[in-house]
Amino acid sequence: MRIIIFGPPGAGKGTQAKMVAEHLGIIHLSTGKMFRDAINQGTELGKLVQSIIDEGQLVPDQTVVDMVEETIASEDYSKGYILDGFPRTVEQAVAFDNMLERRNESIDVFISLHAPDEVLIQRLLSRGEGRSDDTEEKIKTRLEVYKKETAPVMEYYQQAGMFRSVDGTGTVDEIFQRILSALPKK
Ligand code: AP5
Ligand code: MG
């Protein structure tokens, strides 16, 4: 199964994607985590994206698209995957569709997690993992970037007919059960 999990910063994409991936035996691909790992390892990619991530802005589309294309080409991804944090602009969604078409694949479901801003902000401020973009100021920027550049991706997938909206408030387990119910039966 190929799944996209989508939502604003703090919606619980990472938390839920990990659980869904374990449940279905598929790979969890978080583009944000890939960038943070690259920064920690001091790679060329890490150097390129560090200041962008620190500021809460978006990495250029082509950089992300190339990274995802190279990653999912690996054999491990043939059983399926759950994408967390990608596609994050309509341009990325279009590029991803072209990539899937070349691979003769399609996405089974797009899960959109939603929660009010106060809930998102509270979760991010109490995460405590030392992320450079979890300050009050950078969270505000990330939410603005989400509304302007990322939210339009929802309409793109609504039109494509695989869109599922899931309430992202409540306990982690409650949300997980809602996501499982939203997955296509197969
Ligand atoms: P990314 O890593 O994707 O960050 P994000 O979208 O800002 O989202 P978060 O990871 O902060 O939140 P989440 O939805 O995963 O929630 P989580 O489960 O952690 O991207 C980071 C940066 O990388 C971007 O700003 C950009 O610069 C760059 N980037 C990445 N992808 C890109 C792309 N495609 N294009 C361009 N740039 C890109 O939960 C949050 C917290 O809440 C956690 O502490 C968790 O434990 C807690 N929590 C979760 N669920 C619950 C619950 N139900 N109740 C209480 N607490 C909960
Ligand atoms: Mg995350």
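Guide: Of the elements lining the largest pocket, H2 contributes the most, with seven residues. Keep in mind that this is a predicted model.

Visitor: How much space lies in the largest pocket?

Guide: Rolling a probe the size of a water molecule over the atoms shows where empty space is left. Here the largest pocket holds about 1,200 Å³. It is lined by 46 residues, and Lys13, Arg36, Arg127, Arg131 and Arg142 are the closest to its centre. Two or more lining residues come from each of H1, strand S2 (27-30), H2, helix H3 (44-55), H6, helix H7 (136-150) and H9.

Visitor: How does the lining of the largest pocket divide by class?

Guide: The lining has 19 polar, 14 nonpolar and 13 charged residues.

Visitor: Where does ligand 1 sit?

Guide: Ligand 1 is placed in the largest pocket. There are 30 residues around ligand 1, of which Thr15, Thr31, Gln57, Arg88 and Arg142 come nearest. H2 also gives the most to this shell, with four residues. By class, the shell has twelve nonpolar, eleven polar and seven charged residues.

Visitor: Which atoms of ligand 1 lie 2.9 Å or 2.7 Å from protein atoms?

Guide: An oxygen atom of ligand 1 is 2.9 Å from a backbone N or O atom of glycine 14. A nitrogen atom of ligand 1 lies 2.7 Å from a polar side-chain atom of threonine 31. For glutamine 92, a side-chain N or O atom is 2.9 Å from a nitrogen atom of ligand 1. Of the 1,000 Å² of accessible area that ligand 1 has on its own, the protein covers 87%.

Key:
Residues are numbered from 1 along each chain as its sequence is written. Chains are lettered from A and ligands numbered from 1 in the order in which they are written. This is a predicted model: local features need pLDDT of at least 70, side-chain atom pairs count only at pLDDT 80 or more; totals for chains, interfaces and linings use all residues. Side-chain values use heavy atoms; hydrogens and water are left out. A residue is near a molecule or strand if one of its heavy atoms lies within 4 Å of it. A polar contact is a pair of N or O atoms within 3.5 Å; within protein, one must be able to donate a hydrogen and the other to accept it, and residues adjacent in sequence count only if both atoms are side-chain atoms. Accessible areas come from the Shrake-Rupley method with a 1.4 Å probe; for residues, only the protein chains shown count as cover. On a 1 Å grid over the protein atoms alone, a cavity is a set of points where a 1.4 Å probe fits but cannot get out, and a pocket is an open set with protein on both sides within 12 Å along at least five of seven lines; lining residues have an atom within 4 Å of a point. A molecule sits in a cavity or pocket if more than half of its atoms lie within 2 Å of its grid points. Ala, Val, Leu, Ile, Met, Phe, Trp, Tyr, Cys and Pro count as nonpolar, Asp, Glu, Lys and Arg as charged, and the others, Gly among them, as polar. Grid points are joined across faces, edges and corners, and a volume is the space filled by probe spheres set on the points.
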